[in-house]
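This report is a first guide to the chain shown below. Please look through the sequence and the structure before reading on.

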Amino acid sequence: APIVLLTTVFAAVAGLHAPHVQAQIVAQAQPSASDIAALYERWQQTSDPEQRIQIGEELLTREQAQTPWPLTVSRERFMAELSLGLGSIYAIRPRGVRADNLERAIVHLDSASQNFTFASDPQSWARAHNNAGIAYWARIRGERADNQERAIAHFEAALKVFTRDTAPHEWAQLQNNLAIVQTSRVLGDRTANVETAIAHYEAALAVFTREAQPLLWASAQNN
């Protein structure tokens, strides 16, 4: 069964829940300073995935030449937001070669999970880990066993923020994601993996009830 994508993936793509930072210019030290500010604002405002890819990749290219840094938002925050947004789009992008898109997603999301920290921005940090887990789970290239283990590690990291008490919907979807990976896990004891998968499915179904979430309940039941 296909893995259930967390709603935060789509939020990262559309930019709906990412904090909107006014990209004011600190210094006009370079001719491109005003350009990068305008591009950054366009990237934050647009919801078209292909436009976000085009603008985001251009911003990453321009970032390297910005010395001193011209925006009020820190360079680290700027890079982290771009990495999370671009990686989330590439992970579910319908255009282009699927394997190439997933490789780009992994590069960006691994960067985002390192640039965001649990202490400073736990929600974005957890989104980056969740989305990286999805990209590794779907990855076409590389060793399947290694990709699965990386996916598990990223999903488990996201659970440090998306707990049942604070974010039951996201917590349940992560439980479902972990169950799906465990079901086909290459490493470890097969019986133990199946038992772990069952436990995760049951945890998901404790939140995804037939009355409250009929579609997600049906998905977990079918898995």
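## Confidence

In which helix of the chain is confidence lowest, and in which is it highest? The model is predicted, and its mean pLDDT is lowest in helix α1 (residues 7-14), at 40, and highest in α7, at 97. Over residues 1-31 the pLDDT is below 50, although this stretch has 87 contacts in the model beyond near neighbours in sequence. Where pLDDT is low, the predicted coordinates should not be read in detail.

For the chain as a whole, the mean pLDDT is 84, and 79% of the residues reach 70 or more.

## Overall make-up

The chain has 10 helices and 0 strands.

Of the 223 residues, 50% count as buried. The chain exposes about 10,500 Å², and carbon and sulfur atoms supply 54% of that area. Among contacts with a separation of 6 or more, 64% are made by residues 24 or more positions apart.

## The nonpolar core

The largest nonpolar core holds 55 residues. Tyr-40, Leu-59, Leu-71, Phe-78, Phe-155 and Phe-162 are the members that touch the most others. At least two residues of this core come from each of α2 (33-45), α3 (49-63), α4 (75-92), α5 (98-115), α6 (122-138), α7 (144-158), α8 (168-183) and α9 (190-207).

One of these helices, α8, is mostly covered, with 13 of its 16 residues buried. How far apart are the end C-alpha atoms of α8? They are 22 Å apart, which agrees with the 22 Å that its 16 residues should span at 1.5 Å a residue.

## Ser-83 in helix α4

Ser-83 is found in helix α4. Is Ser-83 buried or exposed? Its relative accessible area is 2%, and buried means under 20%, so Ser-83 is buried.

The side chain of Ser-83 reaches the backbone oxygen of Met-79 at 2.9 Å. Leaving aside neighbours within four places in sequence, Ser-83 is in contact with His-108, Leu-109, Ser-111, Ala-112 and Asn-115.

## A cis peptide bond

The loop between α3 and α4 contains Pro-68. The peptide bond that leads from Thr-67 to Pro-68 is cis, with omega near -5 degrees.

Technical notes: Residues numbered from 1 in each chain as written. Predicted model: local features only at pLDDT ≥ 70, side-chain atom pairs only at ≥ 80, totals over all residues. Heavy atoms only, no water. Core = buried A, V, L, I, M, F, W, Y, C linked by side-chain atoms within 4.5 Å. Buried < 20%, exposed > 50% of the residue type's maximum accessible area, 1.4 Å probe, protein only. Helix = DSSP H or I, 4+ residues; strand = E, 2+ residues; numbered from the N terminus. Expected span 1.5 Å × (residues − 1). pLDDT = per-residue confidence, 0-100. Contact = heavy atoms within 4.5 Å. Polar contact = N/O pair within 3.5 Å; in protein donor to acceptor, adjacent residues only side chain to side chain. Areas by Shrake-Rupley, 256 points an atom, 1.4 Å probe, with all protein chains shown as cover.
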